[in-house]
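Please look over the sequence and the model together before reading on. The paragraphs below go through charged pairs and a surface patch in turn.

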Amino acid sequence: MTEHVNEAKLEALAGKVIGDIAGAMSLFMSYIGDQAGVYDAMDGAGAQTVDELAAKTGLNPKYLLQWLGSNAAAGYVTYHADEERFSLSEEQALIFAREGQPACMQGFFQSVVSQYETQTKAVETFKSGRGRPWGDHSDCCFCGTDRFFRPGYAANLIDNWIPSLSGVEEKLKVGAKVADIACGHGSSTILMAEAYPNSTIIGIDFHAPSIEEAKEKAKKAGVTNVEFQVARAQDFEGEDFDFACIFDALHDMGDPVGAASHIKKALRPDGTFMLVEPLAGDNMSENLHPLGQIFYAFSTTICTPTSVAQEVGLGLGAQAGQKRLTAVLHQAGFSNVSRATETPTNMVLEVTG
């Protein structure tokens, strides 16, 4: 069978796989360094020897040496061979050490690690075809998801996404009633509450532990114009909302049509629904790039199983695309769907009528 193998293509594919394996291990090393505080200890400290870094962190220098070697080989830390010292450049610090910065990827790493943490369940779910509820994932998944999305929301929600919608920012400044549906740990809820103190922001999520975490975060942030409720998107309480939003979660829902239909009923006639979803083309060939690769992977282990575990189980997936999403929204009764803006990772749809 091997006489038809193209040796050049085989070599190229094998080389790519080796690179992927290296990346997978580097990602794990990054997670370890984050959790152990190594990047924090290196940030702004200049070039340090292994022993200096060990004294600062309290870590075993033998472990640190191997960890630093892996990170240096990956380009995640800088090795000064003439001095046998290690440092973080400004760019490396932004990606690996600066929590809350849009460029920081530690939440992304944590989300990936969470999938390996429960890999037995992921395999069982894939083989069985059954659903896997959101609450069945590890705490690392919930924390990683919030940690990954929060910087992007902080960078875009108030300054870009809401201003791109017709008349919404003005309503929020004066005082509006807002439903933040599938709010998770409440990062988006709190951001809006801080930016628009005259408005009331109601965070809604069907995962009770996430709502408890959201309440604690709101308390720490000192915002008082927030409320939270444990409820599904298709039957949350309240009416006459001026604004409703869902961030990166409609595709996770078993019945997105039912959810959108309920949102339409809960909105005022002149209300607006902002739907933020992962950026995707309308067919798979448009999504065959690294970002699409990542979204399809998370969709395999998280998004689609979460949807299948719920009633209807539509399973839109994280790369549904605007055309498919628009069909869902039209089926739910909305008349107008347009792309208000986008980022390299998200599309923002303005939904009215």
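What follows is a walk through some salt bridges and then a nonpolar patch.

The model is predicted, and it holds 19 salt bridges. Side chains of opposite charge can pair when their charged atoms come close. A place to begin is the salt bridge in which the side chains of Asp-43 and Arg-98 meet, with 2.7 Å from N to O. This pair links distant parts of the chain, since Asp-43 sits in the loop between helix H2 (38–42) and helix H3 (50–57), while Arg-98 belongs to the loop between helix H5 (90–96) and helix H6 (106–117), 55 residues apart. Asp-43 is partly exposed, its relative accessible area being 25%, and Arg-98 also counts as partly exposed, at 22% relative accessibility.

A second salt bridge joins Asp-136 to Lys-121, where the closest N and O atoms are 3.0 Å apart. Because Asp-136 lies in the loop between helix H7 (119–128) and helix H8 (139–161), and Lys-121 lies in helix H7, the pair ties together parts that are 15 residues apart in sequence. Asp-136 has a relative accessible area of 27% and is therefore partly exposed, and Lys-121, at 37% relative accessibility, counts as partly exposed as well.

The next pair to find is Lys-171 and Asp-270, whose side chains meet in a salt bridge with 3.6 Å from N to O. Here, too, distant parts of the chain are linked, for Lys-171 is in helix H9 (residues 168–174) and Asp-270 is in strand E7 (residues 267–278), 99 residues apart. Lys-171 is partly exposed, with 27% relative accessible area, and Asp-270 counts as partly exposed at 45% relative accessibility.

Which residues form a nonpolar patch on the surface? The patch is made of Leu-13, Val-17, Ile-18, Ile-21, Met-25, Phe-28 and Ile-32, which together have about 640 Å² of accessible area. One of these residues, Ile-18, is found in helix H1 (residues 7–35). Ile-18 has 58% relative accessibility, and because exposed means over 50% relative accessible area, Ile-18 counts as exposed.

Terms used
Residues numbered from 1 in each chain as written. Predicted model: local features only at pLDDT ≥ 70, side-chain atom pairs only at ≥ 80, totals over all residues. Heavy atoms only, no water. Salt bridge = Lys/Arg side-chain N within 4 Å of Asp/Glu carboxyl O. Helix = DSSP H or I, 4+ residues; strand = E, 2+ residues; numbered from the N terminus. Buried < 20%, exposed > 50% of the residue type's maximum accessible area, 1.4 Å probe, protein only. Patch = residues over 30% accessible without salt bridge, like charges linked within 9 Å, V, L, I, M, F, W, Y side chains within 5 Å. Areas by Shrake-Rupley, 256 points an atom, 1.4 Å probe, with all protein chains shown as cover.
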